[in-house]
Amino acid sequence: MPEYFDNLETRSADERQSALAKALPKQIARAQALPGYDGAFDGIDPQAIRSVADLAALPVLRKSDLSKAQGAAAPFGGLTTRNAAQFAHIFQSPGPIYEPGSDSHDWWRMGRFLHACGVGKGDIVQNCFGYHLTPAGMIFENGARALGAAVLPAGTGQTELQARAAHDVGITAYAGTPDYLKIILDKADELGLSLNITKAAVGGGALFPSLRQEYADRGIACLQCYATADLGNIAYESEAQDGMIIDEGVIVEIVTPGTGNPVAPGEVGEVVVTTLNPDYPLIRFATGDLSAVMDGPSPCGRTNTRIKGWMGRADQTTKIKGMFVRPEQVAALVARHDAIAKARVIATRDGEMDVMTVRIEADGGDAEHYAAAVADTLKLKGRIEIVARGSLPNDGLVIEDQRSYE
């Protein structure tokens with residue numbers, strides 16, 4: 001099979017930016033015409049949005065916005081360029097949130113990841129992602145079919161039947177959550193069934209190094225992707241297993257949690273994604289996940305930006321002294337003073353009382369100088385500690401809850 005899915009994967013930075021400068025204004029114009037965005041792009045010239053940096057001028061779209069829009073205009077909230085009857089599938093995720101789906105070629109862009117896993121013609125994929133209401137099963141099936149592979153739509157559960165089917169059908173590749181493959185393999189061992197699985201494409205959970213090694217010891221190459229029901233594939237591992245390569249059909253920004261402000265290169269922040277899918281033009285969609293950009297291209301030869309993969313959740317809203325403190329409030333505190341480079345709120349306990357400590361990165365200064373701004377912005381009084389620039393951890397946390405709930 002060819003080394004790469006297509007020549008988009010090995011473009012130069014200039015070639016990728018040139019293509020983006022043509023595609024992005026068209027996508028912004030599509031979104032601007034949709035009623036679901038409710039004037040969010042009023043006054044924006046789509047031709048002025050031609051790069052990743054230009055996107056920072058646009059508002060962030062969150063799950064709560066999606067839910068609100070769908071409540072006003074079911075099922076897709078006026079955010080699709082086709083009506084519901086023109087899609088092949090309509091899915092429901094918890095919330096409920098409704099997502100469209102199409103059976104056109106590699107609509108969710110999962111074929112690129114499966115190709116990186118070595119899946120292609122001649123393979124039979126046991127697809128253990130769910131097919132009921134949620135889209136994961138169809139996302140992976142659509143990608144497998146784009147590569148010419150056959151699919152056993154196994155879904156979840158019934159492990160003994162899964163193991164027997166894998167043996168009887170001659171399954172060569174697995175798609176599903178990282179841990180469920182082990183359950184199938186162990187059940188096959190218990191039943192004395194030999195399996196021919198040599199490839200595994202996983203997602204929807206953490207792939208721990210020990211589990212990946214166990215699969216490798218069994219002769220199974222296991223790679224993971226980062227995808228969501230709304231966006232499809234966002235990033236994926238290659239055989240290099242060195243970070244996740246951003247998919248060619250999306251644009252990824254890493255921003256300070258609770259804001260739309262890009263972080264410095266390499267810093268941990270919230271993953272915000274703009275998709276180039278013309279049917280469902282989600283612009284600056286906040287995933288709620290944390291990650292960070294990695295330096296340089298992948299050793300495998302694919303040239304798009306890499307991220308570190310899933311590094312936790314960005315929604316760090318925490319109740320302190322009976323009041324919610326939100327990441328956007330911490331961001332507002334930083335923006336309020338030019339002298340503040342970064343801030344972190346830490347929640348602890350002193351006896352039976354909550355304590356809020358605000359650590360502020362600044363070049364010296366008096367803690368009391370910031371007391372009024374802290375109280376006004378966070379709506380709570382707390383201890384203030386001035387720390388040196390660069391001393392706060394690069395982990396994406398702006399609110400850290402150190403209280404024990406045991």
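## Terms and model

A residue is called buried when its relative accessible area is under 20%, exposed when this is over 50%, and partly exposed in between (1.4 Å probe, protein chains only). By this rule, both Trp107 and Trp108 are buried.

The model is predicted: local features need pLDDT of at least 70, side-chain atom pairs count only at pLDDT 80 or more, and totals for chains, interfaces and linings use all residues. Residues are numbered from 1 along each chain as its sequence is written, and side-chain values use heavy atoms, with hydrogens and water left out.

Helices (H or I, at least four residues) and strands (E, at least two) are DSSP runs, numbered from the N terminus. Two strands pair if DSSP finds at least two bridges between them. Strands β1 (residues 89-93) and β2 (residues 97-101) run antiparallel and are joined by five bridges. Within this pairing, Phe91 has Glu99 of β2 as its bridge partner. Three residues lie between the strands of the hairpin, where Gly95 takes a positive phi near 150°.

## Aromatic rings

Rings of Phe, Tyr and Trp (its six-membered ring) pair if their centres lie within 6.5 Å; planes under 30 degrees apart count as stacked, over 60 as edge-to-face and the rest as tilted. The structure holds six aromatic pairs. One of them is edge-to-face, because the rings of Trp107 and Trp108 have their centres 5.1 Å apart and their planes at 85°. Phe129 and Phe140 form a stacked pair, at 4.3 Å centre to centre with 25° between the planes. Phe129 lies in the loop between β3 (124-127) and α4 (136-146) and Phe140 in helix α4, so this pair ties together parts that are 11 residues apart in sequence. Phe129 counts as buried at 8% relative accessibility, and Phe140 is buried with a relative accessible area of 6%.

One aromatic cluster is formed by Phe76, Phe87, Phe91, Trp107 and Trp108. A charge sits over a ring if NZ of Lys or CZ of Arg is within 6 Å of the ring centre and within 35 degrees of the ring normal. Arg82 lies over the face of Phe87, at 4.6 Å from the ring centre.

Trp107 is placed in the loop between β2 and α3 (110-116). Its relative accessible area is 9%, so Trp107 is buried. Contact means heavy atoms within 4.5 Å. Leaving aside neighbours within four places in sequence, Trp107 is in contact with Phe87, Pro100, Gly101, Ser102, Asn142, Asn277 and Asp279. From Trp107 to Ala88 there are 19 residues in sequence and 11 Å in space, C-alpha to C-alpha.

## Nonpolar cores

A nonpolar core is a set of buried Ala, Val, Leu, Ile, Met, Phe, Trp, Tyr and Cys residues joined through side-chain atoms within 4.5 Å. The largest such core has 33 residues, of which Tyr37, Leu66, Val252 and Leu282 touch the most other members. At least two residues of this core come from each of α1 (13-32), α2 (63-72), β8 (232-236), β9 (244-246), β10 (250-255) and β11 (269-275). Tyr37 is in contact with Ala31, Leu61, Leu79, Pro281, Leu282 and Ile283, leaving aside its neighbours within four places in sequence. A second, separate core of 27 residues includes Leu147, Ala149, Ala201 and Cys225.

In helix α6 (residues 178-191), the residues Pro178, Tyr180, Leu181, Ile184, Leu185 and Ala188 are buried. The buried residues of α6 pack against β3, α5 (159-169), β5 (173-176), β6 (199-202) and α7 (209-217). Gly192 follows α6 and has a positive phi, near 75°.

Helix α9 (residues 371-378) contains Thr377, which counts as buried at 12% relative accessibility. Not counting residues up to four places away in sequence, Thr377 touches Gln329, Ala332, Leu333 and Arg336.

## Backbone exceptions

Most residues other than glycine have a negative phi, and most peptide bonds are trans. The peptide bond from Ala74 to Pro75 is cis, with omega near -5°; Pro75 is found in the loop between α2 and β1. Arg109 has a positive phi near 65°, lies in the loop between β2 and α3, and is buried with a relative accessible area of 11%. Lys379 also has a positive phi, near 65°, and its place is in the loop between α9 and β18 (383-387).

## Record annotation

An unreviewed UniProt entry places the feature "domain: AMP-dependent synthetase/ligase" at residues 137-274. UniProt positions are given in the numbering used here, feature names are shortened, and annotations may be inferred rather than shown by experiment. The end C-alpha atoms of residues 137-274 lie 23 Å apart, and the span is 32% helix and 28% strand.
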